[in-house]
Structures are given as C-alpha cells and as structure tokens.
Amino acid sequence: MNILCKSRILVSSVCRKSSLLDQLAVPGCTSLIFKARCHSLAVNLSSCQQRWRYGACPRCPFESKRCYTDRGEGRLTERPEKLEYETEEEEDNRRNSNSQNQGFSEVFTLDVLTSLLRQENAVDLCVIKVPDHIQYADYLIVVSGVSPRHIRAMALYAIKVFKFMRKHGEPHAKIEGKDAEDWMCVDFGKMVVHFMLPETREEYELEKLWTLRTYDEQLKKIPVETLPEDFIFDANEFTK
Amino acid sequence: MTFLRLLQQLPVVLVQTSSTILQRNFSVSVATPAIQKMTRVRVVDNSSLGNTPHHRPPRVIHVYTKNGIGKVGDKVLLAIKGQKKKALIVGHKMPGDRMTPRFDSNNVVLIEDNGNPTGTRIKVPIPTSLRQMEGDYSKVLAIANTFV
C-alpha cells in the first residue's frame, strides 16, 4: 500500500514537472529533457509493472502511460518511424477517464503498444503505416526479440495488456504461430504485430515489402509467368 | 468425354516432342467441387519447391477438414516432387460465398509444419476474407503483395 502511494506520487510529480516544462515552450530543451523524463518514466513504468504483476498496483501503469502519450503529441517530428497521432481520440479518452475515474477506459492505441514493446526491451521496433488503398490494417509493426522465449513473453504481455483494455463486445486477439518458435503474430484489428527472430526477419524482409509494395526486390526476382507456346484456349473446357 | 481426355493428354505430348516449349506452370481443367484428394493445384508463392519444374503437377493427397472438401483457408497435404508438404488453400475455381473472389486456378501456398510459409513473397492476389477466418493466416497475409 505504501509502495502504491509512493509510486503514484512519483508519477504524478513527474507529470506535473513535464506539464510545466511544456508550458515554457522551448522545443530544443524539451526534447533533451523529455528524453531524460522518458528514461525516468520508463524506470517508473518498469517498477510499477513489477508491482502490477504481483497484483498490487493495477492503476499505476495506465496513469504513467497516459502521461507518456500526452507528451507524445509534442514529439511528432522526432519520431524515426512513420506515425500519425490521433490526438482527438486521446483527448476524448482523457475526458472519459477523468469523468469515470477509472484507469481501464483507455483504448489500446499504437502509442500504448509501442510503449509496452519498448518496455519489454524489444529489439528493432519498426512501425509501418499501411496505405489506405490496402484495406488490411492501419499499422504494421515488426519487432525482433533476443530469443524465442523473449518473443513469446512479449507476445503474451501484449495480449495481456490488450485484454485489460478491451471493451465489452470488441473482438479478441490471439497469438498466431504459437508453436513456431521464430515467428509469432498478433492481429489487433487496426494493428498487426509480428514478433520474429533476427534471422527470420532477414529472410522474410516484411518491412521492405510493406514500404516498397510493388518495387520490392524479392517480388522483382520472381520470374514473370508466361503462357507456353503450345497453349490453345479451348472454350469448350470452361463451359462444361 | 473422350475428346476431353485427349485434349488433356495432348499438351503433355506436345511438351515432350518440342524442345523449345516452356514448362507449364499450371494445369487447366474443369471446375471441381472445391479442392479434394487428387486435385492438381497451383503453388503461388516464390518457394523453390513450388517453382522448380517437375514432370508431375503438385497434387492434393489429404484435406485437413471434417469432410474431404477444401475451401479457402483450409490446410491440405500436397505431394510435390516426390515429397509431402503441407499447404494452405488461398483460392479455388468453385464459386464460394457471395462477395468472395473466385479464381481461375486452384491456388495454394506452401506451409511448414509450424505454420510458417515456405516462400517469402506471393504475387497472386490473396482474398482478404482470410483475415476474418479462424486460423493462423496473418503470416500468409503479411507476405502477400496484392489483395482481392
């Protein structure tokens, strides 16, 4: 109980500091300070997380995550990956959560997923925005892991967090490829996450395919299929 | 009926006599009730096993469903180049549900025992209805280039 209070105080103090700094509006400084804050937040997150796993701190991770996503709006240009922020949705969520006074009313957005993957020491996190004309998903995420155990742990943790935030009536998410030790997949509706080992990642090169689409090298290497010279199209065959 | 059989045998004969003929990559036949044992299928990924020419087209020897009929999304066992390989059906000639695509050939993607696809790219359009189905299809959808 004491630990809970202390952690909450820590998190709220960090949030207040960060909000003050934002009001100062000094972009260069804030980026550096934010990185430091990020680190401290991450530390808090990990410590909070451990307590959550023991069942002592259910609300802590989500409070801190909310702060993280707030700060994320100011950091659009610094992100190396291609991301689009749904700021209106986050504002709505904040309003909802403030009125309901529950940590569970957050939506499982891309920010939540990327922050939890970073927390889990994911190697080479890559987020790709799927173009609109491909009606598959909004975002494709490819993550590497250190070992098959690491990948499995990351996938299970992602599912756990998703279950926590899932609302009544939303479709479930299951791990695909549970018995494959080098490639696991989770389909969260709007986002699809692939957990692979580095060797598997090199072999399939999903990032290249999904960013280059038709200009992908492996696709170009596939020989063009031509009809054989003796091919005779007989209409009778198809009408039977 | 006999004429049909002759016509099916004729291309094979022609392939043997002419030396400049390219190997046929797919079989032409009438539409069968979806995919069952002994159907010749077309492997659509870029795996070496599916694309190297062989004197016999890959055939289905077992369908992993309750009845022996395979539709889109079902796993089958193929006999390719003298070896057994599991595969996933991604399209068949038989018309299926309304608003699902019908293909001109019975397409199949080779799969390992653990569910990983053997090839790394699929050029042929893949139906997006695979996403809603129960099963592990995200990997096949991830290596696909076009969707239908």
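# Questions on a two-chain contact

Trainee: What share of the contacts in chain B with a separation of 6 or more comes from residues 24 or more positions apart?

Mentor: That share is 44%. A contact here means heavy atoms within 4.5 Å.

Trainee: What should I know about the model before going on?

Mentor: It is a predicted model: local features need pLDDT of at least 70, side-chain atom pairs need pLDDT 80 or more, and totals for chains, interfaces and linings use all residues. Residues are numbered from 1 along each chain, chains are lettered from A and ligands numbered from 1 as written, and side-chain values use heavy atoms, without hydrogens and water.

Trainee: Which pattern does chain B follow along the sequence?

Mentor: The pattern is α-β-α-β-β-β-β-α. That gives three helices and five strands. Both are DSSP runs numbered from the N terminus: helices are H or I with at least four residues, strands E with at least two. Of the 148 residues in chain B, 41% are buried.

Trainee: What makes A:Asp187 and B:Arg131 a salt bridge?

Mentor: The closest N and O atoms are 2.8 Å apart. The rule asks for a side-chain nitrogen of Lys or Arg within 4 Å of a carboxyl oxygen of Asp or Glu, so the pair qualifies. Four salt bridges are counted between chain A and chain B.

Trainee: Why is A:Lys174 called partly exposed?

Mentor: Its relative accessibility is 39%. Buried means under 20% relative accessible area, exposed over 50%, and partly exposed in between (1.4 Å probe, protein chains only). A:Lys174 therefore falls in between. B:Asp136, at 33%, is also partly exposed.

Trainee: What makes B:Arg121 and A:Asp216 a salt bridge?

Mentor: The closest N and O atoms are 2.4 Å apart, and the cut-off is 4 Å. The pair crosses between chains. B:Arg121 sits in the loop between E5 and H3 of chain B, A:Asp216 in the loop between H8 and H9 of chain A. B:Arg121 and A:Asp216 are both buried.

Trainee: Which residues are joined into one network by salt bridges that share partners?

Mentor: A:Glu205, A:Lys208 and A:Glu217. A:Lys208 and A:Glu217 meet at 3.2 Å, N to O. A:Lys208 is partly exposed at 29%, and A:Glu217 is partly exposed at 42%.

Trainee: Why is A:Glu205 called buried?

Mentor: Its relative accessible area is 18%, and buried means under 20%. A:Glu205 lies in the loop between H7 and H8 of chain A. Its phi is positive, about 55 degrees, although it is not a glycine.

Trainee: Why is the pair of A:Trp183 and A:Tyr204 called tilted?

Mentor: The centres are 4.6 Å apart and the planes 50 degrees apart. Rings of Phe, Tyr and Trp (its six-membered ring) pair if their centres lie within 6.5 Å; planes under 30 degrees apart are stacked, over 60 edge-to-face, and the rest tilted. So 50 degrees makes this pair tilted.

Trainee: What does the pair of A:Trp183 and A:Tyr204 tie together?

Mentor: A:Trp183 is in strand E4 of chain A and A:Tyr204 in helix H7 of chain A, so the pair ties together parts 21 residues apart in sequence. A:Trp183 is buried at 0%, and A:Tyr204 is buried at 3%.

Trainee: How do you know that A:Trp210 and B:Phe147 form a tilted pair?

Mentor: Their ring centres are 6.2 Å apart and their planes are at 35 degrees, so the pair is tilted. A:Trp210 lies in helix H8 of chain A and B:Phe147 in the segment after helix H3 (138-142) of chain B, so this pair joins two chains. A:Trp210 is buried, with a relative accessible area of 1%.
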